[in-house]
Amino acid sequence: MSHKVTLIRGDGTGPELVEATRRVLEGTGVAFEWDVVEAGVDIMKTAGTPLPDNVLASIRKNKVALKGPITTPIGTGFRSVNVALRKELDLYACIRPCKSYIGVRSRYEKIDLVIVRENTEDLYAGVEWPVDSPEAKQIIGMAAGKIREDAAISIKPISRTGTRQIVKAAFEYAIDNERRKVTAVAKANIMKYTDGLFYEVAREVAKEYEGRVEYDEWLVDAMCMQLVQKPENYDILVMENLYGDILSDLCAGLVGGLGVAPGANIGRDTALFEATHGSAPKYKGQNKVNPTALILSGMLMLRYLKEFDAADRLERAVQDVIAEGTHVTYDMKPDRNDPTAVGTSQMADAIIEKLKN
Ligand code: NAD
């Protein structure tokens, strides 16, 4: 059976990364029917918008998308296409595996963590008012002296529904990927109602998986120290939006940075796979940047499509190419000016070659 997938080429270095990833995914032997669509700054010039309607229509139809990075134009009045896609498609779970691969330079080794970040609520919901606004003043008036008169206000909504669906996503990921433990991370000793609710709902969900997946809880500050000192003790970390944003970068740093950090945005019946990094526009068209993060995002897509054998083979092939260290891009060489570094498409070729063995 061939899988119908929307392929968003993106802009900046996006198109060359997407092309490398498409070739590698086809190199696994899995059949795809790609619906190639354009979003980003390049199409904005002709379509008048960086997110034409046909992009959303295609994802809604196919339910699965692979996306190259997209630049957020500054000063044009357009909001981020990346945020718009997550919102429009209600992709409430951001899943970011952080895994050590031999050959990637890092202070740590043998790390295998997964961050599951809530994507729609919390202080990122965009419910905020500027200093001196009537709304801010109204809330200050309700706060019985707890907020200074000259404060701007951001609201932190945490709902039962939002928490239930993100924690369930973490446990379902654990089951599908044979992982052992889910850790809920929050700050419930201080934010008793919002983060308290997060733990309360997380415990309810954990009960449904008792005997199959372990569950524990950490306060976010203590978790940061744990991750720096004993990252090997943790498995899947589930968090609200803000903590998830910060800890995603911390964990990406533990395994060697942006070049190797894949990601998935998952909703009820739709999923969009993309690298954590952006469009790196200064390298556009140079066949220079590292395709690993997007290729590993493709590997996550294969798992989502239940193509587990192909996903395992692809991960091994990527791992072998990185471990050998010859056919890798400049950023994976000990010296960034190493003349033996290969380009984006040559690294993809090396991975495809490994897939044949
Ligand atoms: P960026 O991730 O594009 O680049 C930062 C630096 O990291 C680059 O200059 C480069 O040195 C390095 N880098 C990034 N990806 C790399 C790769 N694959 N291989 C080797 N080196 C790599 O971050 P930025 O410069 O802050 O953002 C550029 C644009 O991308 C912005 O408009 C931003 O809004 C957008 N962005 C998009 C996404 C997305 O599409 N999901 C995510 C983050 C940023």
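**Notes on a predicted model with a ligand**

1. Let's start out in a loop: Lys 110 sits between strand S4 (93-99) and strand S5 (112-118). Keep in mind as you look that this is a predicted model. Is Lys 110 buried or exposed? Lys 110 has a relative accessible area of 70%, so it counts as exposed. Now check its backbone: phi is positive, about 55°, although Lys 110 is not a glycine. That deserves a second look, because most residues other than glycine have a negative phi.

2. Next, hop along to Ala 144, in the loop between helix H5 (134-142) and strand S7 (153-154). What is the phi of Ala 144 like? Again positive, about 50°, and Ala 144 is not a glycine. Its relative accessibility is 69%, so Ala 144 is classed as exposed.

3. On to the ligand. How many residues surround it? There are 21, and the closest are Ile 70, Thr 72, Gly 278, Ala 280 and Asn 290. If you sort the shell by residue type, you get 8 nonpolar, 8 polar and 5 charged residues.

4. Ile 70 is itself one of the residues closest to the ligand. Why does Asn 82 count as buried? Its relative accessibility is 13%, and the cut-off for buried is under 20%.

5. Tyr 330 uses its side chain, where an N or O atom is 3.3 Å from a nitrogen atom of the ligand. How much of the ligand does the protein cover? On its own the ligand has 810 Å² of accessible area, and the protein covers 70% of that.

6. While you have Tyr 330 on screen, look at the face of its ring. Lys 288 lies over that face, at 4.3 Å from the ring centre.

7. Now for the aromatic rings. The structure holds 6 aromatic pairs. Take Trp 218 and Tyr 234: why is this pair called edge-to-face? The ring centres are 6.1 Å apart and the planes meet at 85°, so the pair falls into that class, for which the angle has to be over 60 degrees. The two residues are 16 apart and link distant parts of the chain: Trp 218 belongs to strand S9 (residues 214-219), while Tyr 234 is in the loop between helix H8 (220-229) and strand S10 (236-239).

8. How covered are those two partners? Trp 218 is partly exposed, at 27% relative accessibility, whereas Tyr 234 is buried, at 5%. Elsewhere among the aromatics, Phe 171, Tyr 209 and Tyr 215 form one cluster.

9. One last stop: Met 299, in helix H10 (residues 292-304). Its relative accessible area is 5%, so Met 299 is buried. Where is Ala 310 relative to Met 299? In sequence they are 11 residues apart, and in space the C-alpha to C-alpha distance is 8.1 Å.

Technical notes
Residues are numbered from 1 along each chain as its sequence is written. This is a predicted model: local features need pLDDT of at least 70, side-chain atom pairs count only at pLDDT 80 or more; totals for chains, interfaces and linings use all residues. Side-chain values use heavy atoms; hydrogens and water are left out. A residue is near a molecule or strand if one of its heavy atoms lies within 4 Å of it. A polar contact is a pair of N or O atoms within 3.5 Å; within protein, one must be able to donate a hydrogen and the other to accept it, and residues adjacent in sequence count only if both atoms are side-chain atoms. Accessible areas come from the Shrake-Rupley method with a 1.4 Å probe; for residues, only the protein chains shown count as cover. Ala, Val, Leu, Ile, Met, Phe, Trp, Tyr, Cys and Pro count as nonpolar, Asp, Glu, Lys and Arg as charged, and the others, Gly among them, as polar. Rings of Phe, Tyr and Trp (its six-membered ring) pair if their centres lie within 6.5 Å; planes under 30 degrees apart count as stacked, over 60 as edge-to-face and the rest as tilted. Helices (H or I, at least four residues) and strands (E, at least two) are DSSP runs, numbered from the N terminus. Buried means under 20% relative accessible area, exposed over 50%, partly exposed in between (1.4 Å probe, protein chains only). A charge sits over a ring if NZ of Lys or CZ of Arg is within 6 Å of the ring centre and within 35 degrees of the ring normal.
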